[in-house]
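Please read it alongside the sequence and the structure.

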Number of protein chains: 2
Amino acid sequence: MADKLIEPRTLKGFRDYVPTLMIPREQLMETARRVYRSFGFVPIDTPALEYTEILLGKGSEETDKQLYRFRDHGDRDVALRFDLTVPFARFAAEHIGQLGVPFKRYHIAPVWRGENTQRGRYREFVQCDFDTIGTTSNAADIEVALVIHDLMAALGFERFVIHINNRMILNGLLEEMQLTPQTPLLLRALDKLPKIGKEAVVAEMKERTGVSAEQALKIIHLAELSGQNEAILDQLTRDFGQNPKAAEGIARLRELVQVVHAAGVPDERIQIDVSIARGLDYYTGTVFETFLTDLPNIGSVCSGGRYDNLASLYTKQVLPGVGASLGLDRLLAAMEELKLLSREATAAPIFMVQFAKEYLGRYEQMARHLRQAGMGVEVFPEAKKLGQQLSYADKRGFRVALIAGPDDFAKAVWQVKDLRANASQTVAEAELIDHLRLHLEK
Amino acid sequence: MADKLIEPRTLKGFRDYVPTLMIPREQLMETARRVYRSFGFVPIDTPALEYTEILLGKGSEETDKQLYRFRDHGDRDVALRFDLTVPFARFAAEHIGQLGVPFKRYHIAPVWRGENTQRGRYREFVQCDFDTIGTTSNAADIEVALVIHDLMAALGFERFVIHINNRMILNGLLEEMQLTPQTPLLLRALDKLPKIGKEAVVAEMKERTGVSAEQALKIIHLAELSGQNEAILDQLTRDFGQNPKAAEGIARLRELVQVVHAAGVPDERIQIDVSIARGLDYYTGTVFETFLTDLPNIGSVCSGGRYDNLASLYTKQVLPGVGASLGLDRLLAAMEELKLLSREATAAPIFMVQFAKEYLGRYEQMARHLRQAGMGVEVFPEAKKLGQQLSYADKRGFRVALIAGPDDFAKAVWQVKDLRANASQTVAEAELIDHLRLHLEK
């Protein structure tokens, strides 16, 4: 090519996934799919591009600014989805009649937001959502906690806590005080409690919303409750249980704690935390956040909650639901920090040396036998020097190399080299599959 | 909501995947990933959006018209990728120094083309590519045939044939005749052979490219060779083997047939087919097409070939390679037609009836035991009437329903209902896991 080269580069805020990044990412998505499915959630997919009208239905100006929006060949006003919730609402409005309720779906797919790129934030990222819609039953809320728990455990985490709350308690209290319209302002003030202290929060609440000091203190009292789950539940019942809405929220939390315990989840992994609110308007019942004990500052790695009506913009059918979303990139960063990720650059554990070109048929034959026995094998494509091939295998992180030349074929044996221990042994061809299976299980 | 509803709809040429469509689609992608990995291919991912300059580097005007292209918030000229090959070329130019060669990657991801929507063609579709770059070794070409074979077999196909050819044979012949510049015109004429007959093709070749009748007939003779692989190879050697380039192409085909046979692939699944050309300029060596014996008209379901230089637009480093792409949508349509797809709307085989609300803890406990034993279980979220719950389970395609009420818990037994046979039996709780495992294996 005499032409000038085009500089190979990605857009700001976008990135490539090389194998060392993509292998654990793919494993994480596969684990999520496996766990979601084991609870009966089914996969769906929706288009990356939608009518802007659909996507912005509920959107704020903030969302609008972040939207990748343009006119397509048919002069339609279109945009790339910025989350999976809005497309799910549109999807549900279109298909729920055919699908029936309850409907449990998961959706793992990329979304795009043209936001400012800070450290660790990208303009393209994958969301992993699961939701049950069409039922108000607390069993669906409880299941969300179970899914989060079993998913975190399946990913290899041992020290994590699922924080739960129920928005009905605060909402009931505010309703009783006739403060419902002031909810967002009160929550915003409450959020500052750890920073500015109780007195300043009371002052802000009084000034911004016109509540009395007594009311402000009661709201703060609710947010400050802490302790063992049973103790919190008892105190909530004593202090707020006279309001029917709050009482229902408390009862739902109590049932959640009991059922999750009965199902065998260790008690220390579920913590009632009345300080979490999640979504000023969207969530109306149970809310979930998940924290890693060893990395508290990373924030919640799996969050969600119950909402009253998913698709009110697109259909008159009321679709209550509950669900959560796994923070894929945050979890991967955490797994890297906690050394839960392997750094392999290969997806197969066995490396087949091409010792002599004329035996390629034999190498490929054995490789197929091993694959049929469930073991991945890469055959090196060139009959290069042994040292070069083994150096390639080392660099990629293969665990075992298989070597056979004319002498070995004459004796029906294979040289098996453990690349980590750097130790070789001779194994009879008839025993090779069993030998490798045992070896790789170690 | 008093507001007017927004009509829920997708853009023309785009579609939703409801679970009955998405479950087999996801299974197919998982099988592809598993097979690719078992050969040592590793996953990568690249951004959906790229600089238009990068994507159009090699593009024709045709591609330009199909491109979803716009200006982003930073006024950059950007577009959605229309295939995975161009992004892979850009990716390789950027990262190959770090990754090293040979490099074997797979990439399963959506691409977008604003083309006219005919039946079965969508503007968003998933490509499943795998390639080995950085080596000219025929072992890599042979491996492509093995991957295609083992993938088709893993998907459940039994009657399929991988057609192979090598472009070096025709290229050698045309080079010798000094007709290389006319290659595209000659191939276009040759393509019409089945339709318009030999005489008309000779006439067109003479008129369009100025070849002699004798030359035209020799080209046609090459494309018409057919028979058993050995017979074709022998005749190719006799008739075209004196040209060094053609001879190398023939030798590579011969080695491919031999090694694939030695590796245990049934002979009837590999067919040398000198009539396939694939890609007028792009492919330069081995080419592959895969046909289903029972659905020949559906076209090739997995195609690819060898190319000389992947990333010449972005780097001076010469990167020869070979690979293929699985036609996901075409394969799914074929699997549906051949009844290789199940029509389930559930991802879990076991349905847990919520017989009485107060036992939810027991139901969730047993469900978790079963999941830990590897069996998917959906617990119905509401304690509705038994008939309603079973009708939901029937409709979704669950295989087994578990039912237990107070009497059963007192006796430590479960009712196991086979939803297909519509037959129930009582099973002791201690034996339930083993019983279900056996039952589901049937």
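## Helix packing and the chain contact

H5(B) passes H11(B) in a crossing that is right-handed, and this description, like those that follow, refers to a predicted model. The axes of H5(B), which covers residues 138-154, and H11(B), which covers residues 244-262, come within 10 Å and cross at roughly 50 degrees; an angle of that kind falls in the oblique class, and H5(B) and H11(B) are therefore oblique to each other. On the H5(B) side, Asn138(B), Asp141(B), Ile142(B), Ala145(B) and Leu146(B) take part, and they meet Arg252(B), Glu255(B), Leu256(B), Val259(B) and Val260(B) of H11(B). Sorted by class, this contact has six nonpolar residues, one polar residue and three charged residues.

In chain A, the pair H8(A) and H9(A) also forms a right-handed crossing. Their angle is over 145 degrees, so H8(A) and H9(A) are roughly antiparallel to each other. Leu193(A), Lys198(A), Val201(A), Val202(A), Met205(A) and Lys206(A) of H8(A) meet Ala213(A), Ala216(A), Leu217(A), Ile220(A) and Ala223(A) of H9(A), and by class this contact has nine nonpolar, no polar and two charged residues.

| Helix pair | Residues | Axes come within | Crossing angle |
|---|---|---|---|
| H5(B) and H11(B) | 138-154 and 244-262 | 10 Å | roughly 50 degrees |
| H8(A) and H9(A) | 193-209 and 213-224 | 8 Å | roughly 150 degrees |

Between the chains, the contact takes 84 residues from chain A and 84 residues from chain B. Helix H13 of chain A (residues 360-372) supplies the largest share of the chain A side, seven residues, and that side has 43 nonpolar, 21 polar and 20 charged residues by class.

Notes. Residues numbered from 1 in each chain as written. Chains lettered and ligands numbered in written order. Predicted model: local features only at pLDDT ≥ 70, side-chain atom pairs only at ≥ 80, totals over all residues. Axes fitted to C-alpha atoms, helices over the stretch in contact; angles between N-to-C directions. Helix = DSSP H or I, 4+ residues; strand = E, 2+ residues; numbered from the N terminus. Parallel < 35°, antiparallel > 145°, perpendicular 65-115°, else oblique. Left-handed = near helix turned anticlockwise from the far one by under 90°. Contact = placed C-beta atoms within 7 Å. Nonpolar A, V, L, I, M, F, W, Y, C, P; charged D, E, K, R; others polar.
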